[in-house]
Structures are given as structure tokens and as C-alpha cells.
Amino acid sequence: MVATRALGAEARNPGRHESESAASLAERMPRLILESRRVSSLLAHGLHGRRRAGPGESFWQFRPFVTGEAAARIDWRRSARDDRLYVREREWEAAHNIWLWIDRSASMGFSSDLATAPKIERALVLGLALADAFVEGGERVGLLGLTRATAARNIVERLAQALVADEAGLTQDLPPRAEPGRFDEAILVSDFLTPPERVGAAVRDIAGRGSRGHLVVVVDPIEETFPFAGQAVLHDLESGLALDIGEAAIWGAAYRERIAAHRAALTEIARAQGWTFTLHRTDRPASEAALRLMTLVAARGA
């Protein structure tokens, strides 16, 4: 018999509500952050960086002053520590951001003993690992409708802290209304156990200004196969409703047909907007899905 469980609201956060800084969050909840870093390190060579000097707000590097440049560009404080003159360069910032949305609603707390991690933990690790890898590759990353896009080197801690503070996200099974820029990229990570018409409306809202995107469907292996037999009761983690279905084996075939139809509808929603579709099972390594997403983003940005 396969065992299942559902995580509560507190466990669907990447840390504790009283976290006051990225540092304290890292101390309180090291596992997800460290796992994200580990996955990100596996992808270190999966995306070629494009960070370079140019117009922008973020400091990039100091370089020697070249004769003929405007004296106003000299950084006198840095130059005072040496016998040479130096210029402070800012980082080049293209009009291209990557926006993440990670579903933390009740259904994401589901897990079975066939999985290596609950759906919510896998979604958080996947999202944070992608953020870290993309920033290392020179991209700016933000949480859709929650934070601005940034290329901060401590992006994992920043995003984790923002998620902790976003208690409203624990009850939202679809991304917030947002309008990324035309050349931006959106990555939506969820189980998408929501009526397809609602998912389609949310995707169209995000894609309305021409932004590109990716649907990442995170599933527990048991949700694919429904391997139950005997008397059973189904529980809706979102509404709290319960349904006594009697003999579970009789429901198996019908359930698998419904899941297949739902999956086909999600695939069509992505295709209609020119988005990609990725299915990730929680009995597989997070690095598999992360590498696929990095490859898709890199290919579309080429």
C-alpha cells in the first residue's frame, strides 16, 4: 500500500514567518537553500554568461582610466589607493528579465512514499536553483508580481525571504496578474490542478505583451498512476471537501483518462501562446527539469 501525506501551510514556506533577513532565513531553513545551491552547481556550465560592462545601475568592475575619457568617470576613492586612475564600470542591463512563479497552494503539499520530496519542496528547490543559475549566467530574475528582477549574487536568499513574507501566496493556485516586458521570460511552476480555462486565462494575461514563457508541471508519481485498491476517501486539499468513492480500483481508469485530458489541455494552452511545457515527476532529480528549462531559455534567447 502506498502511503501519502499533505504538508500544512507552515511547511509550504521556504522558512519561518519571523525571518527578518536573508541571513537569518538561511540559518533557519538551510536545507532548501543548500539543495538549491547544489542543483545550481550541477548546472554551472549549462548556460553561457553574458554579463558585461554597459549602461545600468549595478556595479560591475573597476578598470584603468584610458586617456581621452571624461575625467568625470574617474572613481577618485578607488584611485587614491593606487598609483593609477580607475573608472567604475556598471553592469550591462538588457531589457530582458526572467520571472518566476512558484505555486505554494494546498495541493502542492501532497506527497507519497514513491516521491523523493513533496511537490512544494521540489518546486521551491527547482525555482531557486534556476534563479541562482540564471543570475550566474548574467540574467536578472524576479518573482512574478512580488519582487523586481535583479542580478544580485544572493538571489536565492532574497527570493526565499520574499516568499516567506508572502502569506497570501499560500492560498493562490494561479500566478498574480502581471505584465512582464515584451522580451521577458516567465517560468510558472505548479501542479496546475486547476480547471484548464482558468490556467489559460492566467497564461494569456502574462503573455499579453509578448513575453515568452514556460509551464512546469510538478507531479507526484502517484498522481500519474492512481495505484489504489479497496475502500477509499478522496480529499480535496484546496477546498477541504471529502468524497467516499468506495472501491478505488473502479475509479482508476476514469481517473487516468481525466488526468490525460487535463494534461493535453495544458499542453495546448502552452502551444497556443508559443510557450513550452515541461512535466516533472518528484521521483526524478530536480536537476533534470532545471537543465531542461535552462536549455529552453538559452535557446529562445539565442
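The entries below cover the salt bridges I looked up.

I worked from a predicted model, where local features need pLDDT of at least 70, side-chain atom pairs count only at pLDDT 80 or more, and totals for chains, interfaces and linings use all residues. Residues are numbered from 1 along each chain as its sequence is written, and side-chain values use heavy atoms, with hydrogens and water left out.

Entry 1. I took a salt bridge as a side-chain nitrogen of Lys or Arg within 4 Å of a carboxyl oxygen of Asp or Glu. I got 13 salt bridges by this rule.

Entry 2. I looked up D132 and found its side chain in a salt bridge with R37, at 2.5 Å from N to O. D132 lies in helix α4 (residues 119-136) and R37 in helix α2 (residues 30-42), so this pair ties together parts 95 residues apart in sequence. Helices here are DSSP runs of H or I with at least four residues, strands are runs of E with at least two, and both are numbered from the N terminus.

Entry 3. I checked burial, with buried meaning under 20% relative accessible area, exposed over 50%, and partly exposed in between (1.4 Å probe, protein chains only). D132 is buried at 9%, whereas R37 is partly exposed at 26%.

Entry 4. I then looked up E288, which forms a salt bridge with R284, the closest N and O atoms being 2.4 Å apart. E288 is partly exposed at 38% relative accessibility, and R284 is partly exposed at 42%. Elsewhere, salt bridges with shared partners join R37, D132 and E157 into one network.
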